[in-house]
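The following exercises are to be worked with the sequence and the model at hand. Each task is followed by a solution in steps.

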Amino acid sequence: MRTLFNCKECVDLLMDYLEGNLDPEIQKKLDQHFAACPPCVKFLDSYRACSEMAQQLKDQQVRIPLELENRLKAFLKEEIKKV
Ligand SMILES: [Zn+2]
C-alpha cells in the first residue's frame with residue numbers, strides 16, 4: 001500500500017480538491033489523509049469558508065448597513081422638510 005499524502009502535499013492539492021478537479025484515486029487518498037489528520041481538516045474548513053466568503057463578496061454588491069441606511073433616510077427627510 002502506498003503511503004498517504006503528507007500535509008504539505010494535501011495543502012498543495014487543496015484547491016483542486018475543493019473544485020473536484022482531481023483524479024478520483026488521488027481524491028480518495030486525500031480523503032483518507034483528512035480522515036486521519038484533524039489539523040488538515042481544520043485548514044480545509046477555514047480555506048473553504050474563506051473561498052465561500054470571497055465568492056459571496058464578489059456576487060454581492062457592497063451594501064450599506066441597515067442602520068446607516070435608516071439614519072440616512074431620516075436625515076434626508078429632515079432636509080426635505082426644511083426646504
Ligand atoms: Zn495533514
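**Exercise 1. Determine where Leu 13 lies and which residues it contacts beyond its neighbours within four places in sequence.**

Step 1. Leu 13 belongs to helix α1; helices are DSSP runs of H or I with at least four residues, strands are runs of E with at least two, and both are numbered from the N terminus.

Step 2. Contact means heavy atoms within 4.5 Å. With neighbours within four places in sequence set aside, Leu 13 is in contact with Phe 5, Leu 22, Ile 26 and Leu 30.

Step 3. Leu 13 and Ile 26 are 13 residues apart along the chain, and their C-alpha atoms are separated by 9.3 Å.

A note on the model: it is predicted, local features need pLDDT of at least 70, side-chain atom pairs count only at pLDDT 80 or more, and totals for chains, interfaces and linings use all residues. Residues are numbered from 1 along each chain as its sequence is written, and side-chain values use heavy atoms, with hydrogens and water left out.

**Exercise 2. Decide whether Leu 30 is buried or exposed, and list its contacts.**

Step 1. Leu 30 is located in helix α2.

Step 2. Buried means under 20% relative accessible area, exposed means over 50%, and partly exposed lies in between (1.4 Å probe, protein chains only). Leu 30 has 0% relative accessibility and therefore counts as buried.

Step 3. Not counting residues up to four places away in sequence, Leu 30 touches Phe 5, Cys 10, Leu 13, Tyr 17 and Leu 22.

Step 4. From Leu 30 to Leu 14 the C-alpha distance is 8.9 Å, at a sequence separation of 16 residues.

**Exercise 3. Carry out the corresponding analysis for Phe 5.**

Step 1. Phe 5 is placed in the segment before α1.

Step 2. Its relative accessible area is 16%, so Phe 5 is buried.

Step 3. Neighbours within four places in sequence aside, the contacts of Phe 5 are Cys 10, Leu 13, Ile 26, Lys 29, Leu 30 and His 33.

Step 4. Phe 5 and Phe 34, 29 residues apart in sequence, are 9.6 Å apart from C-alpha to C-alpha.

**Exercise 4. Identify the donors of the zinc ion and name the geometry of its site.**

Step 1. Donors are N, O and S atoms within 2.8 Å of the metal (3.2 Å for Na, K and Ca). Cys 7 (SG), His 33 (NE2), Cys 37 (SG) and Cys 40 (SG) coordinate the zinc ion at 2.0 to 2.3 Å.

Step 2. Four donors count as tetrahedral if all angles lie between 85 and 135 degrees. Here the four donor atoms make angles of 105 to 113°, and the site is tetrahedral.

Step 3. Along the chain, the donors follow the spacing C-x25-H-x3-C-x2-C. Cys 7 lies in helix α1 and Cys 37 in the loop between α2 (24–36) and α3, so the pair ties together parts that are 30 residues apart in sequence.

Step 4. Cys 7 is partly exposed at 36% relative accessible area, whereas Cys 37, at 11% relative accessibility, counts as buried.

**Exercise 5. Describe how α1 and α3 cross and which residues meet there.**

Step 1. The axes, which are lines fitted to C-alpha atoms over the stretch in contact, with angles from 0 to 180 degrees between N-to-C directions, come within 11 Å for α1 (residues 7–19) and α3 (residues 38–59), and they cross at roughly 35°.

Step 2. In α1, residues including Cys 7, Leu 14 and Leu 18 meet residues of α3, among them Cys 40, Phe 43 and Tyr 47.

Notes. Tetrahedral: all angles 85-135°; square planar, octahedral: opposite > 155°, others 65-115°.
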